[in-house]
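Subject: Structure handover

Hello,

Here is the structure we talked about. Please open it first, then read my notes alongside it.

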Amino acid sequence: MLYYIRIINFLTDYYIFLFYLFHRSMVVTIIFYFTLVQFIKVIVSHENLEDITESLFMIFTYVALCFKCLNFLLRKEKLLILLNLLREKIYRPRNLMEAKILENYSRRAKWCTLSFMALCQSTAVALITAPIMELHRSTRPLPCRAYIPYSIEGLHAYLATYLIHAASIIYGILLNVSLDSLVYGLTLHVCGQIDILCERCMQTIREGNSNEIKACVRHHVFIHDLVRRIEYLFIWTVAFLLFFSLVTLCTTIFQMSKKNPFTVEFCSYVLYTGCIMFQIFCYCWYGNELRLKGKEVADAIYNSDWVMSTQSDRRNLQFLMRISQKELTLSYHRIFSLNLDAFTWVSNISFLFLNCSYHKNKKLLFHRYLKHLIRRLIFFKLHRFNVL
């Protein structure tokens with residue numbers, strides 16, 4: 001009897017693995033196929049500026065998603081190493097207070113994920129239902145502009161294409177929210193570790209335990225190593241995301257300026273813009289919070305009873321304070337960092353395009369906008385390197 005139970009469990013696990021492999025392959029194929037047909041649509045419509053601008057607002061989002069998927073698939077083992085590091089003894093909570101600190105940050109990460117998911121799913125509903133509202137105006141409308149190598153005049157071909165577009169939007173949202181929330185969650189977990197380190201430092205200094213002070217120094221070094229690992233895994237995809245989001249926001253706002261405000265299509269553009277802004281804001285907000293949290297270690301040590309410590313413990317605390325002077329930032333080769341300044345810069349450039357989009361002379365508009373964009377890029381880089 002036990003032999004048959006083992007066979008049934010083995011077959012069950014085997015079929016579950018096959019289903020998981022098939023589902024993952026199908027999702028990746030749908031995402032990359034949808035990105036490819038949108039890219040082909042842009043190439044085919046290179047002489048039609050209207051079609052290009054209507055295609056760009058979606059294609060860059062999916063190009064960034066493809067980069068995220070490739071990064072996740074190619075660096076899956078290093079991501080598992082990072083997650084296993086968080087299970088080590090030094091990162092685990094030792095008492096109820098430390099457990100509450102991690103629980104608080106975990107609750108914040110869940111709230112951020114659910115809010116982002118709700119906003120994105122609302123956008124998906126608007127994008128999918130917008131063509132249905134326009135059936136009386138045109139024949140066979142689709143949620144997104146994409147190259148279709150076959151005719152959709154027939155009902156079955158149209159429904160199949162419509163379902164592919166709908167599935168691409170839904171799966172794209174699920175993947176985007178999941179991969180972005182992973183970075184948000186890891187960043188918040190590092191912030192929780194810094195709070196735990198501050199609590200341990202103050203408690204250890206009160207007790208005068210030299211071994212625990214050395215453990216706090218090691219904990220802080222491990223936190224810096226954790227931030228560097230997160231930066232190595234995700235910052236290059238965030239860099240592409242910020243660049244693509246800048247172009248996407250400009251094209252989306254340009255399309256909004258030409259739509260009727262009382263239509264479902266305009267509502268979908270507004271929600272889509274809100275999703276992109278929320279996505280960038282969370283990256284920059286939590287990156288800025290990480291930078292501010294890193295400075296709290298020195299404050300926690302200074303406000304403790306360090307004067308009662310021994311000379312050796314003071315040297316260790318001084319070393320710990322010097323380490324904390326180095327900012328914990330997620331940056332891309334020091335060109336830009338995830339902070340509120342980056343979010344402000346992206347917002348200013350995007351809404352500058354909104355003001356310029358109403359200009360009558362489009363050629364003059366484009367040249368002026370391009371020159372201003374180049375000047376802002378140069379100023380941002382010079383300001384970043386403290387040249388100005």
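First, a term. Helices (H or I, at least four residues) and strands (E, at least two) are DSSP runs, numbered from the N terminus.

Two points on how to read the rest. This is a predicted model, so local features need pLDDT of at least 70 and side-chain atom pairs count only at pLDDT 80 or more, while totals for chains, interfaces and linings use all residues. Residues are numbered from 1 along each chain as its sequence is written, and side-chain values use heavy atoms, with hydrogens and water left out.

**Overview**

The chain has 11 helices and 2 strands. From the N terminus the order of elements is α-α-α-α-α-α-α-α-α-β-β-α-α. Of the 388 residues, 44% count as buried. Buried means under 20% relative accessible area, exposed means over 50%, and partly exposed lies in between (1.4 Å probe, protein chains only).

Back to Ser324. Its relative accessible area is 3%, so Ser324 is buried.

**What UniProt says**

The UniProt record, an unreviewed entry, gives the feature "transmembrane region" at residues 12-36, 56-74, 111-133, 155-174, 233-257 and 269-286. These positions are in the numbering used here, feature names are shortened, and annotations may be inferred rather than shown by experiment. I looked at two of these spans. Residues 12-36 are 100% helix and 0% strand, with end C-alpha atoms 36 Å apart. Residues 269-286 are also 100% helix and 0% strand, and their end C-alpha atoms lie 26 Å apart.

Tyr15 sits in helix H1, residues 2-44. Is Tyr15 buried or exposed? Its relative accessibility is 53%, so Tyr15 counts as exposed. Tyr15 is also part of a nonpolar surface patch of about 610 Å², together with Tyr14, Phe17, Leu18, Tyr20 and Leu21. Patches are made of residues with over 30% relative accessible area and no salt bridge; like charges are joined within 9 Å, and nonpolar side chains (Val, Leu, Ile, Met, Phe, Trp, Tyr) within 5 Å. Accessible areas come from the Shrake-Rupley method with a 1.4 Å probe, and for residues only the protein chains shown count as cover.

**Helix H4**

The expected span of a helix is 1.5 Å times one less than its number of residues. H4 has 38 residues and should span 56 Å; its end C-alpha atoms are 55 Å apart, which agrees. At the start of H4, a side-chain oxygen of Asn95 comes within 3.2 Å of the backbone nitrogen of Met97.

H4 (residues 96-133) also holds Glu103 and Arg107, 4 residues apart, or about one turn of the helix. Their side chains form a salt bridge (3.5 Å, N to O). A salt bridge is a side-chain nitrogen of Lys or Arg within 4 Å of a carboxyl oxygen of Asp or Glu. Glu103 is partly exposed at 46% relative accessibility, and Arg107 is partly exposed at 48%.

**Helix H5**

H5 covers residues 155-207, which makes 53 residues. Its first and last C-alpha atoms are 77 Å apart, close to the 78 Å expected. Gly208 follows H5 and has a positive phi, near 70°.

Asp180 lies in H5. Its relative accessible area is 0%, so Asp180 is buried. Which side chain does the side chain of Asp180 contact? It makes a polar contact with the side chain of Tyr283, at 2.5 Å. A polar contact is a pair of N or O atoms within 3.5 Å; within protein, one must be able to donate a hydrogen and the other to accept it, and residues adjacent in sequence count only if both atoms are side-chain atoms.

Asp225 pairs with Arg229, with the closest N and O atoms 3.0 Å apart. Both lie in helix H6 (residues 210-256), 4 residues apart, so about one helical turn separates them. Asp225 is partly exposed at 34%, and Arg229 is partly exposed at 32%.

Glu296 forms a salt bridge with Lys293, with the closest N and O atoms 3.6 Å apart. Glu296 is partly exposed at 32%, whereas Lys293 is buried at 13%. Asp195, Lys293 and Glu296 are linked in a network of salt bridges.

Best wishes
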